Amino acid sequence: GGHDPGAVGPKGLYEKDVVLDIGLKLKKILSKKKDINVFITRETDVFVRLEDRTAFANSKHADLFVSIHANANTDRKARGVETYLMNWTDEEESIRVAARENKISIKKMKEHMNRYKNELGMILADLERDKKRDESIKLAHYIQSAIVSKLDEGYNNIQDRGVKNAMFYVLLGAQMPSVLAEISFISNPVDEKLLKKDKYKDYIAKAIAKGVDTYVASIPPDQKMAGLR
């Protein structure tokens, strides 16, 4: 947001505008549910640093953190939906996506991964000990499945790129189950046209909401959710 447009489509569509629209739509849907409270990191076109987003979620004592993004690739033919969780990876494509989202080069991304490997290991060990990592995996699969199935209702040939691991700064430090959803490739001319349409963004917002609903329903009754932020 603000001075940072994020990824830019072939016809000039800004990622910052697309994800803000979807975020606001998602907030409206989830806010109708009596057992969920929603906090959004931005409601206008303002810039929020990556580290401030998780800090905001932590300050609200959030139960879940969902970061919404539009993907991009130098290959304009690349399409599909994928959902990420915080973890170490050697997969080049996941490293590329993380480098783009983290606003650094792939070379620097790999340097940072090596530099912070021990620190990341401690973070992940803590997440596993508190069952946060298992919950993040579950949440990621629910959201990924919901987006793919929802888009399949109205659009053909939606590519399911699956759930993946990567080191995203926007997820680093989250004290709750957290995922990053790459909802479509804004760099693809066909996807860019779709991302301009309210109907398509409605589908995505409803799908993420469905994924969250499925996750919440999976929580045992004695572990009441305090809210979604």
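Predicted model: local features only at pLDDT ≥ 70, side-chain atom pairs only at ≥ 80, totals over all residues.
To start with the inside, the largest nonpolar core takes in 40 residues, and Leu151, Ile183 and Ile208 have the most contacts within it. Helices H1 (15–30), H6 (132–154), H7 (189–195) and H8 (198–218) each give two or more residues to this core, as do strands S1 (65–71), S2 (81–86) and S4 (178–185). The top contributor is H8, with ten residues. Isoleucine 208 shows how these pieces come together: leaving aside neighbours within four places in sequence, isoleucine 208 is in contact with Ile22, Leu26, Val66, Ile68, Ile143, Ile147 and Ile183. There is also a second, separate core of 18 residues, with Ala57, Met86, Met167 and Ala174 among them. As a general point, nonpolar side chains in soluble globular proteins tend to be buried together.

Next comes the largest pocket, which has a volume of about 690 Å³. Its lining counts 35 residues, and the closest to the pocket centre are Thr41, Arg53, Val66, Ser67 and Ile68. H1, S1 and helix H2 (50–59) each supply at least two residues of that lining, and H1 gives the most, with eight. Sorted by class, the lining has 18 nonpolar, eleven charged and six polar residues.

Two other buried spots deserve a look. Helix H3 (residues 92–101) is largely enclosed by the rest of the structure, because seven of its ten residues are buried. The buried residues of H3 are Ser94, Ile95, Arg96, Val97, Ala98, Ala99 and Glu101. Isoleucine 36, for its part, sits in the loop between H1 and H2 and is buried, with a relative accessible area of 5%. Although isoleucine 36 and valine 216 are 180 residues apart along the chain, their C-alpha atoms are separated by 9.3 Å.

Finally, the rings: a search of the whole structure turns up three aromatic pairs. Since tyrosine 155 is in the loop between H6 and S3 and tyrosine 200 in helix H8, the pair ties together parts 45 residues apart in sequence. Ring pairs link Tyr155, Tyr200 and Tyr203 into a cluster.

Key
Residues numbered from 1 in each chain as written. Heavy atoms only, no water. Core = buried A, V, L, I, M, F, W, Y, C linked by side-chain atoms within 4.5 Å. Buried < 20%, exposed > 50% of the residue type's maximum accessible area, 1.4 Å probe, protein only. Helix = DSSP H or I, 4+ residues; strand = E, 2+ residues; numbered from the N terminus. Contact = heavy atoms within 4.5 Å. 1 Å grid on protein atoms, 1.4 Å probe; cavity = no way out; pocket = protein on both sides within 12 Å on 5 of 7 lines; lining within 4 Å. Points joined across faces, edges and corners; volume = space filled by probe spheres on them. Nonpolar A, V, L, I, M, F, W, Y, C, P; charged D, E, K, R; others polar. Phe/Tyr/Trp six-rings, centres within 6.5 Å; stacked < 30°, edge-to-face > 60°.
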